[in-house]
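User: Please take a close look at one part of this model, the open sheet and the spaces around it. Keep it brisk.

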Number of protein chains: 2
Amino acid sequence: MSETTELAFKARELDAGDELAGLRSRFVLDDGVYLDGNSLGALPAHVPDRVQDVVRRQWGELRIRSWEESGWWTAPERIGDRIAPLVGAAAGQIVVGDSTSVNVLKALVGAVRLAGAGRDEIVVDATTFPTDGYIAESAARLTGCALRPLAPAEVPGAVGGRTAAVLLNHVDYRTGRLHDLPGLTAAVHAAGAVAVWDLCHSAGALPVGLDEHGVDLAVGCTYKYLNGGPGSPAYLYVRRELQDRFDSPLPGWNSHAEPFGMRPDYAPAQGALRGRVGTPDILSMLALEAALEVWDGVSVEAVRAKSLALTDFFLECVARYVPAGTVQSLTPVAHEERGSQVALRCPDAGAVMERLIAQGIVGDFRRPDVLRFGFTPLYVGFADVERAAEVLARTLRAGGGDA
Amino acid sequence: MSETTELAFKARELDAGDELAGLRSRFVLDDGVYLDGNSLGALPAHVPDRVQDVVRRQWGELRIRSWEESGWWTAPERIGDRIAPLVGAAAGQIVVGDSTSVNVLKALVGAVRLAGAGRDEIVVDATTFPTDGYIAESAARLTGCALRPLAPAEVPGAVGGRTAAVLLNHVDYRTGRLHDLPGLTAAVHAAGAVAVWDLCHSAGALPVGLDEHGVDLAVGCTYKYLNGGPGSPAYLYVRRELQDRFDSPLPGWNSHAEPFGMRPDYAPAQGALRGRVGTPDILSMLALEAALEVWDGVSVEAVRAKSLALTDFFLECVARYVPAGTVQSLTPVAHEERGSQVALRCPDAGAVMERLIAQGIVGDFRRPDVLRFGFTPLYVGFADVERAAEVLARTLRAGGGDA
């Protein structure tokens with residue numbers, strides 16, 4: 001049988017054996033193949049009705065009473081506790097709120113203060129999603145530190161007695177490379193510095209193990225693999241042992257020990273609450289809370305196993321279908337170095353992605369030359385993967401991005 | 001006729017002559033009297049359907065394409081321009097996003113940097129809503145400034161060559177006192193310092209005149225008189241002449257000159273965009289955008305005239321109905337010193353407010369002893385005011401907060 005038929009048959013077999021296949025029905029999807037869940041997760045089917053209840057009843061009818069009666073006030077820590085098991089954290093260490101960028105500032109300034117006097121250097125992943133680098137530069141400026149961009153692999157040999165904090169990405173947003181969180185955290189700790197991790201591209205796609213590996217602080221967004229909706233609030237993890245000393249650069253009234261005391265002097269709340277700032281954006285936040293229910297009964301380990309099977313299979317299909325030499329994978333082959341996406345370098349990648357999207361295969365383009373495909377195990381299947389590779393191959397054979 | 005009958009009659013007359021009375025139908029209200037719009041504005045009736053469209057179609061169907069096709073990416077500046085006329089600002093100077101607290105940090109650190117070398121003092125309104133004071137303290141610490149809390153009336157005599165920035169509230173959240181924005185801004189400028197105003201309790205209730213009075217930076221929330229919904233995003237105003245030099249402590253990728261260039265070095269965008277940070281919370285933000293449509297065809301001057309008539313009438317009803325000596329108004333009698341709320345000091349205020357709410361009169365309680373009533377001219381009428389005062393008087397005569 002032809003290669004196409006053979007891999008299509010294999011896809012059917014893999015789908016038939018997929019214990020997570022039924023989860024797809026929890027999402028609103030169409031006939032296309034959505035491989036951009038690493039940018040904006042698909043809509044969980046039950047979320048619209050829940051948002052309507054928040055708007056019509058909680059806001060429209062209860063109005064101000066909802067801060068207590070609908071649990072608005074405690075949403076940041078309650079939703080943080082819902083995210084906690086997905087990133088290997090015990091309860092009481094995560095609060096939801098603000099954007100990832102804002103949480104990076106909290107974490108890095110907080111980390112420098114935790115590191116204590118005599119340490120005046122912030123190390124940042126030089127391959128990071130840019131906002132982390134920009135905010136790290138700002139945090140360095142605000143705390144009188146030097147900023148030192150390094151590739152993650154260079155970190156163990158470079159950190160030392162000057163290093164206050166190290167900000168690393170668990171999964172590289174562009175290449176999909178998974179960095180060694182346990183090993184790098186240990187190296188940072190060996191130098192006496194504070195380890196801060198950005199989980200945007202790993203949380204919800206693979207086990208993180210924040211508590212197990214002794215991560216100090218972490219941030220992440222919730223609109224990718226956690227499907228919280230466009231711009232849904234980010235989160236901040238502060239390891240329990242550090243919470244009493246965590247000293248935020250954004251001590252808003254929501255993190256006060258007695259928020260409604262309206263006291264002129266700031267006294268920080270205990271625990272993860274210390275990471276809160278101002279009034280939480282309730283509509284976005286409660287949409288996220290509803291969205292997290294799709295994780296009920298789902299193990300992150302099963303998600304990780306399927307994620308690797310999906311990306312393995314995509315790489316196999318691409319190798320078999322796509323004309324030799326037209327694309328080059330930037331994503332590591334080794335499982336321990338791979339996140340949940342595949343990045344293919346390709347000439348004229350922007351135009352190629354436009355043509356893929358026009359054919360229902362939705363990934364994204366990252367300049368200058370990367371086709372990025374995200375594999376969300378909750379709703380992407382193996383037949384989707386085979387079809388995406390087949391359309392990609394056909395598009396490239398037809399002239400790639402040429403009209 | 002009895003006092004009650006007389007004032008009820010007057011209320012009917014005032015309602016009959018109220019050119020804004022028809023706006024009430026734009027909101028979801030019930031049989032009670034909602035005098036807490038200065039904490040959480042009522043739901044505009046058309047907002048639920050708009051939010052559903054954002055969730056079901058824009059997120060659910062278009063998904064990632066909505067960043068362009070549904071105008072998500074440009075929402076912060078587009079909605080800023082919609083708020084601009086309500087606060088007397090020309091377009092291109094306001095962006096929406098983040099909480100008020102986060103925007104206070106941007107504004108104050110930015111203000112210190114604008115003020116330039118040699119100025120090392122931040123003055124903050126000592127009677128401020130507490131979060132402004134906490135964040136001002138943080139901004140001072142991050143920029144190496146001293147923090148000096150002062151009552152607004154003391155500011156003109158106290159600012160000087162050391163003063164970098166002054167953060168003031170346009171309307172005091174507790175007493176409802178309206179501060180002299182033109183005069184105080186002029187005094188701050190006379191000292192060579194940067195004037196930062198918090199508009200949370202004035203925007204949408206009275207004319208602000210940011211451009212006219214030369215305010216440098218301003219922040220405000222959108223969930224009070226602008227009815228954006230619980231925790232809807234705040235906004236930041238940066239006067240056009242200062243934008244090129246505005247240097248944010250939160251230079252996230254959304255404020256980059258080329259956000260999708262993914263460049264390692266930060267280069268700020270031009271204009272108000274420089275106040276953006278991370279990915280905007282689209283659900284909360286687009287609910288706000290829809291909510292702002294209730295302002296179509298409404299003049300802020302007419303709103304202000306009605307607001308003063310409402311608070312005048314409430315004070316009149318309270319004076320006539322409430323037993324002498326049981327309450328004391330903290331809100332100035334002079335129109336030029338009054339915002340859109342009335343604060344009554346009252347023994348056992350917390351319990352009194354609980355009893356009022358149980359009778360459908362919803363205000364709020366501010367410790368230790370304040371009953372706070374907000375008057376939103378878009379949906380509060382004069383009969384509401386008379387009824388609220390009558391129920392308050394009956395409650396106090398019956399023993400106030402006693403069970």
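Analyst: Two strands count as paired if DSSP finds at least two bridges between them. The model is a predicted one. With that rule, chain B has an open sheet of four strands, in the order 9-10-13-12, with antiparallel pairing. Strand 9 (328-329) and strand 12 of chain B are at the edges. Each has a single partner strand, so one side of each lacks a neighbour in the sheet.

Strand 9 of chain B joins strand 10 (residues 341-345) of chain B in the antiparallel sense, over two bridges. One bridge can be named: Ser329(B) has Leu344(B) in strand 10 of chain B as its partner. Helix 10 (residues 300-321) of chain B packs on this sheet. Helix 10 touches strand 9, strand 10 and strand 13 (370-374) of chain B. Its direction makes about 25° with that of strand 10 of chain B.

Helix 11 of chain B lies across strand 12 and strand 13 of chain B. It runs at about 40° to strand 13 of chain B.

Helix 11 of chain B gives the most, with five residues. By class, the lining of the second largest pocket holds 18 nonpolar, eleven polar and twelve charged residues.

Chain A has its own open sheet of four strands, in the order 9-10-13-12, again with antiparallel pairing. Gln341(A) has Gly374(A) in strand 13 of chain A as its bridge partner. Helix 10 (residues 300-321) of chain A packs on the sheet and touches strand 9, strand 10 and strand 13 of chain A. The angle between helix 10 and strand 10 of chain A is about 25°.

How do the chains relate? Chain A can be laid on chain B with an RMSD of 0.0 Å, by a turn of 180° and a shift of 0.0 Å along the axis. That is the relation of a two-fold axis. Of the interface residues of chain A, 100% are also interface residues in chain B, so the copies meet through the same surface.

The largest cavity holds about 70 Å³ of space. Its lining includes Arg24(A), Asp30(A), Tyr34(A), Tyr379(A), Asp384(A) and, from chain B, Arg63(B). That lining divides into five nonpolar, one polar and four charged residues. The second largest cavity holds about 30 Å³. Among the residues lining the second largest cavity are Arg24(B), Tyr34(B), Tyr379(B) and Asp384(B). Here the division is five nonpolar, one polar and two charged.

Definitions and conventions. Residues numbered from 1 in each chain as written. Chains lettered and ligands numbered in written order. Predicted model: local features only at pLDDT ≥ 70, side-chain atom pairs only at ≥ 80, totals over all residues. Heavy atoms only, no water. Nonpolar A, V, L, I, M, F, W, Y, C, P; charged D, E, K, R; others polar. Least-squares fit on C-alpha atoms with pLDDT ≥ 70 in both. Contact = heavy atoms within 4.5 Å. Axes fitted to C-alpha atoms, helices over the stretch in contact; angles between N-to-C directions. 1 Å grid on protein atoms, 1.4 Å probe; cavity = no way out; pocket = protein on both sides within 12 Å on 5 of 7 lines; lining within 4 Å. Points joined across faces, edges and corners; volume = space filled by probe spheres on them.
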